[in-house]
Amino acid sequence: MEPVEYLRILRRRWGLVAGAVLMAATVAWATTPAPTELPASTRFQASHTLFREGTGEEVNRIGLPLAAVLATRGEVPRRVVGRLGLDVEPAALASRVTVTPGSDVPTLTISSTDRDGEQAALIANTLATELVAYLDERAASEWRESVDTIAARLDELEQEIRDRDATLRTLDAESVEAELVRAERDSRIRQFSSLNERFDALNAAGPPTAQLVTLEEAVPIPTGDGATFDPPRSARSRVALGLLLGLLGGVVLALVLERVDTRVRTRRGAEHAFGLPVVAEIPRLPYRERQHAATVVATEPTSAAAESYRILRSSLERMPRWILPVRAPQPDGGEHNGNGVPAPALSREGPTRVILVTSAGPGEGKTSAVANLAACFAEAGREVIVLDCDLRHPQLHVPLGGRSKPGVSDYLAAMTGRGGLRPLVQETRVRGVSLVAAGTHVANPAELTGVEPELVAGARDLADIVLIDAGPVLTVNDPAALIPLADAVLVVARSGHTTAETANRTSEVLAGLQAPLAGVALVGVPPDVMSRRSGSGLPAGGDPRRLFGRLVGGGLPGAPGRQRDAAATREPRG
């Protein structure tokens, strides 16, 4: 592993290293003996330290300076006085307490001073407990208000959409007024979709919390005139040693976890795990752009992600399609690579018109890749039709702005496909892209078999490019009937999500199906690990035969004899 790889690992797991350093320093400080001789004028100070976990939006919304103010004003001091039964005013109690937010680390220190050390510690600890409870209640209340506000707005938008649909039925579909009303309706549909996603996300996450946890409870420390507390020199040495040991332990733990973690993160890791070339890397979008990630080619045409999808389109047009070798030995005496495994060969000839997109499992970014790839082909002047064949979890109609039914399931249920495919085709918000949605939900999509060749053939007649959003190959059997009908199969994997085990198993399944593979599209790649692309437009990994060799446990420098020579004479189609 190169030194830069170690730096990337530490950068990715900096929170673990920082936590180890902080914990080691805290343990070293806590085990330091306190001074034993105290002057007569000694007073006690007790400090309770809170640590803010996480870096999410809901956590940062309640800042530590605001929490420091709330700890000494209003409701929190009144709660402390009532809980401890103190005979003082809340303002008088607050004057004996100081709350200080950390400048470099997300901590909040609550300090209380009193002649009685136990009383000082009790006040500081109780104030910290009541502050956390109050902030949690505040966050939950604001969450409920947000949910109610979004729900009310969704109801308004739904009614406005119905009103405009009713207006459209009374107007001439080709009139200018109808176009204006239709544009207003589509705008409200987009607003409804965005708000509905936000509403579902809020409900799924549940009420947020301040995420303040106790790092160190209050312990009375003597202070006062002539008795300022100064740790002995041995304590400073302990803390320095604790920092060093914490840093070393954090680095070692980060490297160990990286070795145990088998998730694919880089181009090199994906090619090694799949045994396939990575034909494009799609960068991870900033948080503010992720809500448009499904159609980034249309919404952000000049972004790095849009350019990456265009590179993916060019790679699919130019790259050859390969059949992965099956691992089982061949007893028929055919050509092998020396390991008992048949050498990889070019797949069927002809232009790439039908492209099937699949993934190892759900949540890999397959549907978003199909939507953006369709926009790229349409941008190049092609007529594109997209088939949503992921009948178990259909989502393609959402980014493209279409209806979920009728669609593929209705066509397949007709057995012979009477009426053809054209009545099911609907326009999308992307110019030049048509959609055949998943259709009416069925309990068991496996029963809808036998008409797939007619479905794909009908789509070929309607467009230049046919994109098929198929289900994940490791979770459902539906793609098995569609793969033989495709000119090329593209596998989508998400950086930091797909594991090496699932990638290897995916390649085995596709090899058994003799899928004509174009390669892997790696999505969600952090910008700091993006590879440099070769000038030819082909993957930087080199000869696909060498990549296939990793899958079978050895290099495949090239197939011997007649098959190798035949493959060498074929040129990738542009």
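User: Is Thr 367 buried or exposed?
Analyst: In this predicted model, Thr 367 has 17% relative accessibility and therefore counts as buried, where buried means under 20% relative accessible area, exposed over 50% and partly exposed in between, with a 1.4 Å probe and protein chains only. Residues are numbered from 1 along each chain as its sequence is written, and side-chain values use heavy atoms, with hydrogens and water left out. Local features need pLDDT of at least 70 and side-chain atom pairs count only at pLDDT 80 or more, while totals for chains, interfaces and linings use all residues.

User: And where does Thr 367 sit, and what is it in contact with?
Analyst: Thr 367 belongs to helix 13; helices (H or I, at least four residues) and strands (E, at least two) are DSSP runs numbered from the N terminus. Setting aside neighbours within four places in sequence, Thr 367 has contacts, meaning heavy atoms within 4.5 Å, with Gln 395, Leu 396, Pro 399 and Asp 469.

User: How do helix 12 and helix 13 cross?
Analyst: The axes of helix 12 and helix 13 come within 9 Å and cross at roughly 75°, the axes being lines fitted to C-alpha atoms over the stretch in contact, with angles from 0 to 180 degrees between N-to-C directions. The two helices are therefore roughly perpendicular to each other, a label given to angles of 65 to 115 degrees, with those under 35 roughly parallel, those over 145 roughly antiparallel and the rest oblique. On the helix 12 side the contact involves Tyr 309, Arg 310, Leu 312, Arg 313, Leu 316 and Glu 317, and the residues of helix 13 that take part include Ser 368, Asn 372 and Phe 377.

User: Stay with helix 12: what span does it reach?
Analyst: Helix 12 covers residues 304-318, and its 15 residues reach 21 Å from first C-alpha to last, close to the 21 Å expected at 1.5 Å a residue, a figure that is 1.5 Å times one less than the number of residues. Its buried residues include Ala 305, Ala 306, Tyr 309, Leu 312 and Leu 316, and the buried residues of helix 12 pack against several elements, among them strand 6 (278-283), strand 9 (354-359) and strand 15.

User: Changing topic, which residues touch the most others in the largest nonpolar core?
Analyst: That core has 44 residues, and Leu 356, Leu 387, Leu 412, Leu 421, Leu 455, Ile 468 and Leu 517 touch the most other members; a nonpolar core is a set of buried Ala, Val, Leu, Ile, Met, Phe, Trp, Tyr and Cys residues joined through side-chain atoms within 4.5 Å. Strand 15 (residues 516-525) gives the most to this core, with 4 residues. Apart from this core lies another of 39 residues, including Ala 306, Leu 312, Val 370 and Ala 378.

User: Last one, which strands does strand 1 pair with?
Analyst: Strand 1 (residues 43-52) is joined to strand 5 (residues 220-223) by 4 bridges in an antiparallel arrangement, and strand 1 also pairs in the antiparallel sense with strand 3 over 8 bridges and with strand 4 (residues 212-216) over 4 bridges, where pairing requires that DSSP finds at least two bridges between the strands. Phe 44 stands opposite Pro 222 in strand 5, and its bridge partner in strand 3 is Asp 114.
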